[in-house]
Amino acid sequence: MAFDALYTNNQIQKLKVLLPYIDPSMQKNMAIYIKYMELRYTMDLFRKHPLQIRAASGETEKPDMKKICHELKPYCTETEVKQLEQMESMFQTMEMYQEMSQTMSAMQEMFPDMSKEGADSGSSSSMEDLLMGMLSPEQKAMFDTFSSTMT
């Protein structure tokens with residue numbers, strides 16, 4: 001939608017509105033002409049203002065991939081929607097892994113003795129056990145899977 005708003009003008013929009021009212025034998029040619037005008041307008045705009053899409057969106061941070069997946073779904077086939085949902089799940093797992101890693105690091109800084117106790121006994125740290133105890137079995141499995149791929 002934002003792309004359409006940026007890369008068209010009033011003249012093109014008027015032609016789009018009038019298209020259904022044009023003689024059916026001319027509609028095909030008019031539709032092709034409208035697309036040609038959009039292409040020409042877009043090319044001219046990029047020559048004058050490079051990177052317009054990025055600048056217009058105001059995004060300076062990395063894109064929200066979950067939001068992008070959600071916005072793509074209405075235009076996808078059933079199979080593509082399932083793939084997007086898998087990607088969303090993967091992004092959620094990555095976020096959870098990052099949060100858990102940050103929490104574990106912060107707790108190790110706050111309570112250095114807890115991590116030493118786990119290391120002395122040869123088992124995992126009690127702090128890690130505490131955090132892992134807060135996860136559901138599915139979350140634990142996803143965390144373990146993601147953790148093993150990151151190391």
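This report walks through the fold, the confidence and the salt bridges of a predicted protein model.

Residues are numbered from 1 along each chain as its sequence is written, and side-chain values use heavy atoms, with hydrogens and water left out. Since the model is predicted, local features need pLDDT of at least 70 and side-chain atom pairs count only at pLDDT 80 or more, while totals for chains, interfaces and linings use all residues.

**Confidence and fold**

The mean pLDDT (the predictor's confidence in each residue, from 0 to 100) is 78 for the protein, and 75% of its residues reach 70 or more. Helix α3 (residues 24-48) has the highest confidence, at a mean of 92, whereas helix α4 (residues 52-57) has the lowest, at 52.

You will find nine helices and zero strands here; both are DSSP runs numbered from the N terminus, with helices being H or I of at least four residues and strands E of at least two. Of the 151 residues, 19% are buried, where buried means under 20% relative accessible area, exposed over 50%, and partly exposed in between (1.4 Å probe, protein chains only). Taking contacts (heavy atoms within 4.5 Å) between residues at least 6 apart in sequence, 48% join residues at least 24 apart. The accessible surface, from the Shrake-Rupley method with a 1.4 Å probe, comes to about 11,600 Å², and carbon and sulfur atoms account for 59% of that surface.

**Salt bridges**

Side chains of opposite charge can pair when their charged atoms come close. The whole structure holds seven salt bridges, each defined as a side-chain nitrogen of Lys or Arg within 4 Å of a carboxyl oxygen of Asp or Glu.

E95 is partly exposed at 32% relative accessible area, and K66 is partly exposed at 32%.

R47 and D44 both belong to helix α3, three residues apart, or about one turn of the helix. R47 is exposed, at 58% relative accessible area, whereas D44 is partly exposed, at 30%.

E71 and K67 share helix α5, four residues apart, again about one turn. Both ends are partly exposed, E71 at 45% and K67 at 48%.

Finally, K16, K35 and E38 are linked in a network of salt bridges.
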